[in-house]
Amino acid sequence: MVTKLMKKGVSLLLCAAILIASTVSLSFTAFAAGDDEEEFPEAAKIVINTEFGNGTTLLKEDGYVNAQVEITDADGSVLSDSAQIKVRGNTTALYWMQKKPFTIKFSSKKNVLGMGSGKKWALIANLFDPTLLRNYVAFDTAQKMGIEYTSNQRFVELWLDGSYRGCYTLYEPVQQGVDRVDIDIKSNGGKKDFLLEFENTRVEDDVTYIKCHGVRMIVSEPEEPSEEQLEYIEGTLNDIFETMKNGTREEIEQKVDVDSFAKFYVFNEFVKPFDFDSTSVFFYYKDGKLFAGPPWDYDVSACNSQDTQRSIRSNAIEGLFANDKNIYQFMCKHNWFYVEAERVYRENKNHIQDVYAQGGLMDRLRERYGDIFDKNFGEAGWDIKKAWINYQRRAAPTYGENFDFLKDWYRQRNEWLDGYFDNSVEDVLIGDSDGDDYIDIMDATLVQELLASLIEDDGKIALRVCDADAKPTINDATNIQLYLAELEPYGNVGKSERRFFKSHL
């Protein structure tokens, strides 16, 4: 009897296990089948009716106009309220650009499509991008890389004063706020945190510009800084830039969030925005350190500009791009910063590869939103072949051709970056001048021959015998000899360290 009961119990347990396993399997299968819907919600619908019905002909100089805004999410929820809208942007706001971007400004903060609360929202037209994907791919990748305060985004369809305007992307603009760039611009009389935008040449009214160490910035937050605040911001920046240029790693790390700079650097090396040396590049100062980001404006990136002298490097699959631009001209002087960049690249390589992989981000986005992309160039009437501006890359005749071009460019760019970091960053044994993984008297002799100009440095001798940013001296040869004789002090000889070889720049 006991045996029969035990067998019956075991049978029941096996049946339960099979049932549980089947249930788990079904639940995972169901989730996998709905992955795209979970990852990318259905495009929301935005209907805007302006006070005088002139929304489609608005110009930037018209400023804000009164409007009624209704936003319908995929779940049927509706946000309807009075607001103001205006044409936003610079090149995209020029009078001959028919599909214009807009700023929506509510009278109070609204949580729009679950993206957090704010008064202002940016409706981006993606006018210059025949795939409509460059901005979305860039922001999605930046978020996955952990770049702080990267704006949330949603694809939407826009109706403006009864006219269907096609596919837009709704973003949180880059500005101070708990759900935006969370910085404190009020404490200590407004002399604490601030938000900056790199702006090389453009001049606009009601905008505050500063210039430190040759780098020109817009003070974005606070919007209207006092003279005292400006003096504080300029003094803080001058101190940081001087340290960036001439300080040790330890000194720089006290004033700069190196991790954010490394992430933002790798990200921009991958997507290569045309304007990285001119505009729309943000930095913020928080809790006593300068941070890089958040990202903004990537419609003219990833080889989407004409083959002019200015765009040669931004379009090219090969070569470094961001290392001599804006503030990065200071950070990229340091060997150890490239080692940090290599670390960030390795940690995020899977996110970058997913952009162009078969069934990856681009494929999933096209599968999910292909119908509204088609409507943008069909029902809304925007011409995919039109070269909107003289520095935009001329589009291919079909959406598929433009899509395939972009996907292949991302693939080739990442393959170059992968090989570049492989060949440029090595684990070195300090003092091992000839790179044979063994320290002997020949290593000291090699340094002496280099100092006597009897041989030329291959770009690696210096980085194997001294501090990463220094040049070999007779002390380096002496330290190797002291190490071999087991006499202290002999510096860092015998230690292993990852270093970047500048000969590969």
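Which residues in H11 meet which residues in H12? In this predicted model, Met362, Asp363, Arg366, Phe373 and Phe377 of H11 meet Tyr399, Gly400, Phe403, Leu406, Lys407 and Tyr410 of H12. Tyr410 also belongs to the largest nonpolar core, where Tyr410 is among the residues that touch the most other members. The mean pLDDT of the chain is 90.

**Helices H11 and H12**
- Two packed helices are described by the angle between their axes and the distance between the axes.
- The axes of H11 (residues 361-377) and H12 (residues 399-424) come within 12 Å and cross at roughly 145°.
- This crossing of H11 and H12 is right-handed.
- By class, seven nonpolar, one polar and three charged residues make up the contact of H11 with H12.

- In soluble globular proteins, nonpolar side chains tend to be buried together.
- The largest nonpolar core holds 95 residues, of which Phe241, Phe261, Tyr328 and Tyr410 touch the most other members.
- Helix H10 (residues 335-356) contributes ten residues to this core, the most of any contributor.
- A second, separate core has 30 residues, including Ile48, Ile85, Val87 and Val156.

**Surroundings of Tyr410**
- Apart from neighbours within four places in sequence, Tyr410 is in contact with Arg134, Val137, Phe270, Val271, Ala302, Val355, Tyr356 and Met362.
- Among these contacts, Met362 is also one of the H11 residues that meet H12.

**Confidence**
- A pLDDT of 70 or more is reached by 90% of the residues.
- Over residues 1-34 the pLDDT is below 50, and this stretch has one contact in the model beyond near neighbours in sequence.
- Where pLDDT is low, the predicted coordinates should not be read in detail.

Definitions and conventions. Residues numbered from 1 in each chain as written. Predicted model: local features only at pLDDT ≥ 70, side-chain atom pairs only at ≥ 80, totals over all residues. Heavy atoms only, no water. Axes fitted to C-alpha atoms, helices over the stretch in contact; angles between N-to-C directions. Helix = DSSP H or I, 4+ residues; strand = E, 2+ residues; numbered from the N terminus. Left-handed = near helix turned anticlockwise from the far one by under 90°. Contact = heavy atoms within 4.5 Å. Nonpolar A, V, L, I, M, F, W, Y, C, P; charged D, E, K, R; others polar. Core = buried A, V, L, I, M, F, W, Y, C linked by side-chain atoms within 4.5 Å. Buried < 20%, exposed > 50% of the residue type's maximum accessible area, 1.4 Å probe, protein only. pLDDT = per-residue confidence, 0-100.
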